[in-house]
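Me: I have a structure open and would like to go through it piece by piece. Can we start with how a couple of helices pack?

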Amino acid sequence: MLYFTRWKAAAIVLTAAIVCLFAAPNFIPAKVVDSWPKWAQRHIVLGLDLQGGSHILLEVDSKAVRKDMLEALRDDVRRVLRDARIGYTGLVVRGNGVEVRIREGANSGQALEKLRTLSQPLGGILSATGQRNLDITSEAGNLYRLTLTDPAIIERVRQSVDQSIQIIERRVNELGTVEPLIQREGTDRILVQVPGLQDPTRLKQLLGKTAKLDFHMVDVNVSPEQAQQGRLPPEDQLLHGAGKEASQLYVVEKRALVSGAELTDAQPGFDQRTNEPIVQFRFNTSGARKFAQATQENVGKPFAIVLDNEVISAPVIREPILGGSGQISGNFTVQSANDLAILLRAGALPAPLTIIEERTVGPGLGADSIAQGKISSYVGAAMVIIFMFLTYGLFGLFANIAVAVNVAMIFGILSLLNATLTLPGIAGIVLTVGIAVDSNVLIYERIREEVRGGRTAINAIDAGFSRALATILDSNITTFIAAAVLFYIGTGPVRGFAVTLGIGIITTVFTAFTLTRLIVAYWVRLRRPQRVPI
Amino acid sequence: MKLLRIVPDDTKFDFMRFRRISFPLSALMSILAISLYFFHGLNFGIDFKGGLLIEVQTKAGPADIAKMRATLGGLGLGEVQLQQFGAPNDVLIRIAEQPGGDEAQQVAVNKVRTALGTGLDYRRVEVVGPRVSGELLSYGVVGLMLAIFGILIYLWFRFEWQFALGAMIANVHDIVLTIGFMSVTQIDFDLTSIAALLTILGYSLNDTVVIYDRIREMLRRYKKMPMPELLNASVNQTLSRSVITHLTVSLALLSLLLFGGQAIHSFTATMMFGVVLVGTYTSVFIASPILIYLGVGRGTDALTGPGPKDEKP
């Protein structure tokens with residue numbers, strides 16, 4: 001137990017030193033570190049609870065996704081049957097599917113064949129499973145039911161999350177914040193973390209809007225009052241105004257002239273005549289063509305600019321707009337015009353997002369937490385070091401060296417992993433000091449016992465190490481299991497705690513098995529002790 | 001230099017005799033803790049209950065809590081709790097979960113921000129919707145179960161099933177008592193409390209495993225020693241280590257408790273109770289004597305390891 005070959009000793013010291021060195025970038029000014037190679041720049045990231053910032057968890061509205069899919073499916077069924085000139089009645093969305101009744105029994109075979117073309121194998125990661133997006137069943141009376149399969153819905157929600165992440169990235173980047181983190185959580189959630197953001201109100205406004213912009217004609221033949229009395233034509237919808245003008249109602253055609261997806265650019269600006277804030281936009285080629293055609297046909301009539309089912313404004317078309325660009329005015333402030341431009345540039349979300357969790361820490365609290373974390377660590381470490389020295393003397397010093405290296409290695413590994421350090425994470429490090437000390441206590445107490453059992457000094461040290469190490473391994477693995485579970489179930493700060501605790505256990509086992517042993521072995525060789533000084 | 005000997009060498013304390021006191025005592029305490037949980041309840045924080053938690057600091061002078069209470073009370077947000085938190089200009093505001101799903105929580109937080117105005121520093125704003133809070137609680141409970149189960153399996157592999165069972169009884173006992181403690185003190189029960197419970201579990205097991213390791217070693221060495229005597233010897237031999245280790249851990253925890261600030265106060269207080277008080281007691285007075293009743297077999301596979309036979313102790 002006390003014999004190390006030269007290369008083994010070198011390997012141990014080298015490993016410990018290298019791991020410790022990885023912690024260096026945390027203690028050197030960022031300016032200096034920036035000039036280093038990329039791999040050496042890895043450092044610990046402070047959690048939002050320490051540096052301040054906003055954590056927002058969003059959920060894709062899967063009900064809305066399903067509703068969109070069902071409506072698209074209904075339109076597909078209508079198109080397929082019309083194209084094949086098959087008569088049908090009662091085309092409705094029911095439950096998780098669409099129902100349709102074929103008029104003439106003679107057509108049913110052909111109808112089924114046509115409907116089957118709508119059923120596609122699932123793409124993406126599910127393509128290997130051979131599952132399809134639709135189950136088609138037929139019932140008595142030529143009734144066909146097309147049901148969306150669960151994997152199809154889940155796959156679409158996944159896609160929505162992916163698209164939303166890209167759009168959110170564009171929106172958040174416009175805020176000019178430092179290193180925002182945007183990532184998927186589970187199947188239908190998105191985590192947005194913005195360090196340093198003190199008031200997330202604006203961020204939430206940017207995230208909470210679907211930003212689906214469409215241009216529709218206003219139906220001037222029906223007044224909003226008539227529509228409210230139930231005389232709303234089936235091709236129209238009744239929408240209300242945006243913001244302060246929510247009481248204003250508009251009867252708007254359901255069909256969109258042009259959709260916001262065809263915008264290529266949007267910028268805030270000022271109206272040349274009124275000097276009011278406006279948003280200027282530009283269509284792509286096909287959008288410009290559609291817009292030109294629609295405005296040519298409808299000069300003198302009003303059209304509505306609809307954002308997320310609210311009418312921003314409904315100007316009258318004075319002349320055909322052929323250039324493919326235009327402007328939106330509608331009671332904007334400079335900021336709201338700016339925000340709308342950001343939203344339009346970033347694009348519309350495929351489905352609405354709901355904020356289901358928000359945690360914001362101000363920079364003051366973060367700084368206080370860092371200070372408290374530092375003080376408590378220093379005081380804790382000092383007390384433990386003094387206690388160990390009083391209890392074990394020279395061997396206590398050895399233990400203190402091992403524990404110090406242990407903590408440095410934790411910082412090194414955390415840096416290597418680019419891990420996040422949270423306040424509970426600091427608590428985890430302090431507790432690791434306790435565990436690390438325990439491994440030394442186990443060894444030393446065992447040595448004391450072996451001495452009492454009548455062994456010679458060197459023999460006792462040797463036996464103490466070899467017997468204590470098995471115990472150290474057993475006891476640390478049980479704690480490690482707890483840390484692993486914490487990591488798995490935990491979020492945010494708790495996960496930070498699990499990470500430092502888990503890494504701490506690994507470094508503790510490493511130092512107990514190698515470094516402490518090496519130090520004691522070296523001392524034994526140097527001194528050839530007749531009695532053990534503990 | 002004269003070194004500190006907190007526990008004298010060769011203690012011969014008869015720990016096993018105390019099982020006639022410790023077992024009924026623990027049973028009583030566990031029943032008490034469980035009834036506390038059901039009748040007094042835990043002070044669930046927003047992680048598990050949903051709602052709003054806002055910590056504000058007034059910029060000029062101490063906070064006028066009565067005025068803030070009146071302002072917030074007029075918003076129609078239901079139950080609003082205000083509490084001075086640390087310094088006199090720090091106020092913690094808790095607002096119960098708003099009916100109406102996730103969006104309603106966001107509406108509420110906007111109302112509060114508007115009502116309190118900008119004369120305040122928002123140190124912390126947490127809003128947890130009903131869906132997340134439900135999940136967090138079930139994750140927490142599942143995690144605790146998983147951890148206990150995983151550790152049980154590991155111990156079963158490393159020792160005999162009696163040891164695994166003994167350790168599990170001992171550690172469920174720890175968790176139950178700690179939950180009782182949380183109920184009595186009405187400490188906020190949130191995600192960090194789950195972390196505290198899991199750490200207590202890990203530490204307490206750590207301790208139990210150290211003693212079990214020794215018991216196993218003794219079982220191999222002294223095949224004919226009566227069980228209570230053998231257990232006593234094992235606990236006595238590891239006593240010094242237990243005391244020293246718990247002292248160092250307590251020193252570290254004490255420092256966290258005194259200087260770690262409010263944010264981890266409930267975490268460290270719980271740990272202090274669970275690790276230092278309960279954990280130590282359990283491994284000595286519950287986990288070890290329980291092996292007498294579980295009938296640890298001798299000469300079975302797990303114990304026929306290397307070791308001299310029947311030495312004189």
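**Two helices in chain A**

Reply: In H11(A), the residues Ile385(A), Met388(A), Phe389(A), Thr391(A) and Tyr392(A) meet Phe395(A), Gly396(A), Leu397(A), Ala399(A) and Asn400(A) of H12(A). Keep in mind that this is a predicted model.

Me: How do the residues of that contact divide into nonpolar, polar and charged?
Reply: Seven are nonpolar, three are polar and none is charged.

Me: At what angle do the axes of H11(A) and H12(A) cross?
Reply: Roughly 145°, and the axes come within 6 Å. H11(A) covers residues 363-392, and H12(A) covers residues 394-416.

Me: Why give both an angle and a distance?
Reply: Two packed helices are described by the angle between their axes and by the distance between those axes.

Me: OK, on to the two chains. How many residues of chain A are in contact with chain B?
Reply: 60 residues of chain A, which touch 62 residues of chain B.

Me: Which element gives the largest share of chain A's side?
Reply: H11(A), with 15 residues. Other elements that give two or more residues include helix H13 (423-452), helix H14 (457-489) and helix H15 (492-527) of chain A.

Me: And what kinds of residues are on that side of chain A?
Reply: They divide into 33 nonpolar, 17 polar and ten charged.

Me: Which strands pair between S17(A) and chain B, and in what sense?
Reply: S17(A) is joined to strand S5 of chain B, residues 120-128, by five bridges, and the two run antiparallel. In that pairing Arg359(A) stands opposite Glu126(B).

Me: Switching to barrels. In what order do the strands of the barrel in chain A go?
Reply: Five strands close into it in the order S9-S11-S10-S15-S14, with mixed pairing. From one strand to the next, the twist averages 55°.

Me: How do S9(A) and S14(A) pair?
Reply: In the antiparallel sense, over five bridges. S9(A) is residues 213-218 and S14(A) is residues 303-307. Met217(A) stands opposite Phe303(A) there.

Me: What about the open sheet in chain A, what is its strand order?
Reply: S12-S13-S16, three strands with antiparallel pairing. The edge strands are S12 (263-270) and S16 (325-328), each pairing on one side only. Neighbouring strands are turned by 25° against each other on average, direction ignored.

Me: How many bridges between S12(A) and S13(A)?
Reply: Seven, in the antiparallel sense. Among the partners, Pro268(A) is bridged with Val279(A) in S13(A).

Me: Which helix lies across S12 and S13 of chain A?
Reply: H10(A), residues 334-346, running at about 170° to S12(A).

Me: Now chain B. Where does H8(B) bend?
Reply: At Leu239(B), by about 45°. The helix has 33 residues, 227-259, and reaches 45 Å from its first C-alpha to its last, close to the 48 Å expected.

Me: What comes just after H8(B)?
Reply: Gly261(B), which takes a positive phi of about 85°.

Me: Which residue takes a positive phi in the hairpin of S3(B) and S4(B)?
Reply: Gly86(B), with a phi near 75°, and the hairpin has five residues between its strands. S3 (residues 80-84) and S4 (residues 90-95) of chain B run antiparallel and are joined by five bridges. Gln84(B) stands opposite Val91(B).

Definitions and conventions. Residues are numbered from 1 along each chain as its sequence is written. Chains are lettered from A and ligands numbered from 1 in the order in which they are written. This is a predicted model: local features need pLDDT of at least 70, side-chain atom pairs count only at pLDDT 80 or more; totals for chains, interfaces and linings use all residues. Two strands pair if DSSP finds at least two bridges between them. Helices (H or I, at least four residues) and strands (E, at least two) are DSSP runs, numbered from the N terminus. Axes are lines fitted to C-alpha atoms, for helices over the stretch in contact, and angles run from 0 to 180 degrees between N-to-C directions. The expected span of a helix is 1.5 Å times one less than its number of residues. The bend at a residue is the angle between axes fitted to the seven residues ending there and the seven starting there. Two residues are in contact if their C-beta atoms, placed from the backbone, lie within 7 Å. Ala, Val, Leu, Ile, Met, Phe, Trp, Tyr, Cys and Pro count as nonpolar, Asp, Glu, Lys and Arg as charged, and the others, Gly among them, as polar.
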